Amino acid sequence: MEWYEGDFNDYEGALLRTESEPPVFGDEGQREEEDMKVKIDGRTYDTAKAEKIATYDDGLPRMDLDYIREGLYREDGVLFLAGESGARGRYAKNEETGGKIGGEGGYIVTREEAKEWIELTQGENASNANLLLDGFAII
């Protein structure tokens with residue numbers, strides 16, 4: 001994993017953790033949600049400022065090839081997924097020597113894609129997530 005400390009305007013796909021220190025490799029303890037900034041199509045999205053609609057964590061340890069943790073967010077009317085995964089997940093990156101490694105990132109989703117993601121990942125919480133997607137508050 002490469003930590004980018006430069007200007008986000010120069011690096012498409014850059015991701016910045018807002019934590020003071022990077023995570024420990026293989027951290028399998030209690031997972032805390034991590035705020036991130038991710039640049040998508042020339043614009044920076046911040047999960048700390050965006051409305052969180054739902055999150056998903058498959059429960060696998062971070063060093064597992066199939067590990068995935070992500071969230072569905074809305075910022076200024078734009079829906080996006082941001083997260084991290086192992087080498088076989090959607091956020092995997094190409095390694096310089098060939099193959100794949102775990103990675104982090106994000107991408108814009110349509111409303112229909114967001115609904116499908118909710119149905120696939122939220123189980124019993126799908127109705128609450130769909131209400132948030134539709135702009136309703138849950139009390």
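Contact here means heavy atoms within 4.5 Å. I keep that in mind for the neighbour lists below. I am working on a predicted model.

**Entry 1: Glu70 and its neighbours**

I started with Glu70, which sits in strand S5. Which residues does Glu70 touch, leaving out those up to four places away in sequence? I found Thr55, Tyr56, Leu81, Ala82, Gly83, Arg90, Tyr91 and Trp117.

Is Glu70 buried or exposed? Its relative accessible area is 4%, and the limit for buried is under 20%, so Glu70 counts as buried.

Two of its side-chain partners have distances I noted. Arg90 forms a salt bridge with Glu70, with 3.2 Å between the closest N and O atoms. Arg90 lies in the loop between S6 and strand S7 (93-94), so this pair ties together parts 20 residues apart in sequence. Arg90 itself is partly exposed, at 44% relative accessible area. The side chain of Tyr91 makes a polar contact of 2.7 Å with that of Glu70.

I also checked the strand pairing. Tyr56 stands opposite Glu70.

**Entry 2: the four-strand sheet**

Next I traced the sheet around S5. What is the order of its four strands? I read S4-S5-S6-S9, in an open sheet with antiparallel pairing. S4 (51-57) and S9 (103-108) stand at the edges. Each has a single partner strand, so one side of each is left without a neighbour in the sheet. From one strand to the next, the twist averages 15°.

Strand S5 covers residues 68-75, and six bridges join it to S4. The two run antiparallel.

Then I asked what lies across the sheet. Helix H2 (residues 126-133) lies across S4, S5 and strand S6 (78-85). H2 runs at about 150° to S4.

**Entry 3: the hairpin**

I moved to S2 and S3. Strand S2 takes in residues 36-40 and strand S3 residues 43-46. They run antiparallel, joined by four bridges. How many residues lie between S2 and S3 in the hairpin? I count two. Asp41, in the turn, has a positive phi of about 50°. Ile40 has Arg43 in S3 as its bridge partner.

**Entry 4: salt bridges**

I searched the whole structure for salt bridges and got seven. Arg43 came up again here. Its side chain meets that of Asp76 at 2.5 Å, N to O. Asp76 is in the loop between S5 and S6 and Arg43 is in strand S3, so I noted the pair as linking distant parts of the chain, 33 residues apart. The two ends have their own accessibility classes. Asp76 is exposed, with a relative accessible area of 65%. Arg43 is partly exposed, at 27%.

Glu51 and Arg74 make another salt bridge. Their closest N and O atoms are 3.0 Å apart. Glu51 is partly exposed, at 32% relative accessible area. Arg74 is at 19%. The limit for buried is under 20%, so Arg74 counts as buried.

I also noted a network of salt bridges. Arg62, Arg69 and Glu84 are linked in it.

**Entry 5: the nonpolar cores**

Last, I looked at nonpolar packing. The largest nonpolar core has 15 residues. Which of them touch the most other members? They are Ile53, Leu72 and Ile118. S4, S5, S6, helix H1 (111-121) and H2 each supply at least two residues of this core. H2 gives the most, with four residues.

I listed the contacts of Ile53, leaving aside neighbours within four places in sequence. They are Leu72, Tyr73, Arg74, Leu79, Ile118, Ala129, Leu132 and Leu133. Arg74 in this list is the residue that pairs with Glu51 in a salt bridge.

Note on methods:
Residues are numbered from 1 along each chain as its sequence is written. This is a predicted model: local features need pLDDT of at least 70, side-chain atom pairs count only at pLDDT 80 or more; totals for chains, interfaces and linings use all residues. Side-chain values use heavy atoms; hydrogens and water are left out. Two strands pair if DSSP finds at least two bridges between them. Axes are lines fitted to C-alpha atoms, for helices over the stretch in contact, and angles run from 0 to 180 degrees between N-to-C directions. A salt bridge is a side-chain nitrogen of Lys or Arg within 4 Å of a carboxyl oxygen of Asp or Glu. Buried means under 20% relative accessible area, exposed over 50%, partly exposed in between (1.4 Å probe, protein chains only). A polar contact is a pair of N or O atoms within 3.5 Å; within protein, one must be able to donate a hydrogen and the other to accept it, and residues adjacent in sequence count only if both atoms are side-chain atoms. A nonpolar core is a set of buried Ala, Val, Leu, Ile, Met, Phe, Trp, Tyr and Cys residues joined through side-chain atoms within 4.5 Å.
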